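Hi,

Here is the structure I promised to pass on. Have a look at it first, and then read on for what turned up.

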Amino acid sequence: MERKKYLVVTAGGTGTRMGAAVPKQFLELDGVPILRRTIEVFLKAVPDIQVITVLPEGHVAYWRQYCLQANFVCPQRLVKGGFTRFHSVKNALKYVPDGALVAVQDGVRPLVSVDKVRELFKAAESAPAVIPVMPVTDTLKVLEKRGGVLAATGETVDRSRIYGAQTPQVFQSEALKAAYTLQFDTSFTDDASVAERHGLALTFLPGERFNLKITTPEDLILARAIIDSSLRSE
């Protein structure tokens with residue numbers, strides 16, 4: 001029997017690096033808030049998906065009002081964000097039952113494709129944790145500060161073995177909920193790191209080049225260019 005699907009979209013940050021008047025998840029791409037674009041990809045991929053949106057406590061009412069005024073018809077459970085991303089996801093998982101599949105997606109990754117979302121969910125039917133990754137293409141340098149100056153350590157990194165993890169990361173819900181019973185650790189930078197510490201086997205699939213996380217003004221410019229190019233090619 002196919003598992004019911006849930007989305008936990010993490011949009012609890014305040015976006016200080018963007019330097020905008022509102023958190024970055026509420027900034028617009030082609031007239032549509034980034035957060036809405038992110039959620040809409042999942043609604044297209046899985047129309048009956050259950051959405052749990054994690055927001056900064058001070059912006060829950062803001063988002064609720066936007067959805068009403070913009071007629072964004074998407075039943076959502078709104079959850080207040082925690083002190084860190086770990087705590088925010090843990091808050092959201094209280095509303096996800098066992099026996100489901102749950103995708104955890106950064107609220108500021110609006111360019112993941114519908115096909116990739118479906119591929120990750122399909123893989124998670126038979127694997128407890130599915131993580132999209134992209135190979136690192138830059139040459140890597142290991143440096144350290146010596147008297148305020150960056151200097152090489154002589155250490156060499158094999159670039160062919162290094163990959164960057166993306167989201168959405170998709171899990172069998174009971175497995176991820178068990179992992180989140182761990183105590184918080186600063187090394188938990190994503191859900192895969194929590195799951196791996198708990199001993200969960202991770203399955204890796206190719207990610208997507210344009211599935212960028214929008215955190216800086218430069219990222220926003222690039223995302224707008226990608227969307228503009230996509231619209232022109234349709």
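There are zero disulfides in the structure, a disulfide being a pair of cysteine sulfur atoms within 2.5 Å. Cysteine 67 takes part in none, and the nearest cysteine sulfur, that of cysteine 74, is 7.2 Å away. Cysteine 67 is buried, with a relative accessible area of 11%, and cysteine 74 is buried at 10%. (Buried means under 20% relative accessible area, exposed over 50% and partly exposed in between, with a 1.4 Å probe and protein chains only.)

Before I go on, this is a predicted model: local features need pLDDT of at least 70 and side-chain atom pairs count only at pLDDT 80 or more, while totals for chains, interfaces and linings use all residues. Residues are numbered from 1 along each chain as its sequence is written, and side-chain values use heavy atoms, with hydrogens and water left out.

Next, the strands and a helix. Strand β4 (residues 50-55) and strand β5 (residues 76-80) run parallel and are joined by five bridges; two strands pair if DSSP finds at least two bridges between them. Helices (H or I, at least four residues) and strands (E, at least two) are DSSP runs, numbered from the N terminus. Leucine 55 has lysine 80 as its bridge partner in β5. Together with helix α2 (residues 60-69), β4 and β5 form a right-handed β-α-β unit: with the strands pointing away from the viewer, the path from the first strand over the helix to the second runs clockwise.

Two lysines may also interest you. Lysine 5 belongs to strand β1 (residues 5-10) and counts as buried, at 11% relative accessibility. Its side chain makes a polar contact of 3.0 Å with the side chain of glutamate 2 (a pair of N or O atoms within 3.5 Å; within protein, one must be able to donate a hydrogen and the other to accept it, and residues adjacent in sequence count only if both atoms are side-chain atoms). Leaving aside residues up to four places away in sequence, lysine 5 touches residues including Val46, Ile49 and Phe121, where contact means heavy atoms within 4.5 Å.

Lysine 90, in helix α3 (residues 85-93), is partly exposed at 34%. A polar atom of its side chain lies 3.4 Å from the backbone oxygen of tyrosine 180. The C-alpha atoms of lysine 90 and tyrosine 180 are separated by 6.3 Å, though the residues are 90 apart along the chain.

Best wishes
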